[in-house]
Amino acid sequence: MIATDRITRNLITWLTYRGVSVYGSRVLAVRGRKSGEWRTTPVNLLVIDGERYLVAPRGHTQWVRNMRAVGGGELRLGKKAEPFSATEVTDADKPAVLRAYMKKWAWEVSYFFGDVNADSPEEELHRIAPGFPVFHIAAAPVA
C-alpha cells in the first residue's frame, strides 16, 4: 500500500503542478510555522453544498501543524494560486465531512482509515474524528 500511495501521490502531484486537477486535486502551499518558507503537498479539495474542506487522511502531519499556526495558505493548480483562510472543524462536526471524503476518494485514501469507511455508523466516524484534522477553507479577503 505504501508503494501504491507513493506512486499515486507522485502522479497526481505531477499532473496538478501542470494544471490538471485529478478529481479535485490541488497543491496545498502553507508557510512553515518556524521557517516561514512555502511548503507544498498534494491535497484533495472537498466541496459539500458549496463549502470547501481540506481533510488530512494521514493525520496530524506537518502541513496540518503549519496550517494551525498560520491559519491559511494557497491552493495551487498549475500556475494559478488561490489564497485562502482556514478554520479547523471541531471533532463533533467532522463525521459528515469524513463520510463525504471517504465516499469520493475511497480508491485513494481508504487504507488510512482502517476498518472505517463511508458506510460505517456515525459512532465510528465520531470515534476516529480526533485523528483526522479537517479544515473549512474560504477565499482570503483581498488586501
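**Exercise 1.** Where do Glu124 and Arg127 lie, and how many residues apart are they?

*Solution.* Let's start with the ground rules. This is a predicted model, where local features need pLDDT of at least 70, side-chain atom pairs count only at pLDDT 80 or more, and totals for chains, interfaces and linings use all residues. Residues are numbered from 1 along each chain as its sequence is written, and side-chain values use heavy atoms, leaving out hydrogens and water.

Step 1: Find both residues in helix 4, where they sit three residues apart, about one turn of the helix. Helices (H or I, at least four residues) and strands (E, at least two) are DSSP runs, numbered from the N terminus.

Step 2: Check the pair for a salt bridge (a side-chain nitrogen of Lys or Arg within 4 Å of a carboxyl oxygen of Asp or Glu). Glu124 and Arg127 form one, with their closest N and O atoms 2.7 Å apart.

**Exercise 2.** Which residue forms a salt bridge with Glu122?

*Solution.* Step 1: The partner is Arg99, and the closest N and O atoms are 3.3 Å apart.

**Exercise 3.** Is Glu74 buried or exposed?

*Solution.* Step 1: Recall the cut-offs: buried means under 20% relative accessible area, exposed over 50%, partly exposed in between (1.4 Å probe, protein chains only).

Step 1: Glu74 has a relative accessible area of 17%, so Glu74 is buried.

Step 2: Look for its partner: Glu74 forms a salt bridge with Arg76, the closest N and O atoms lying 2.9 Å apart.
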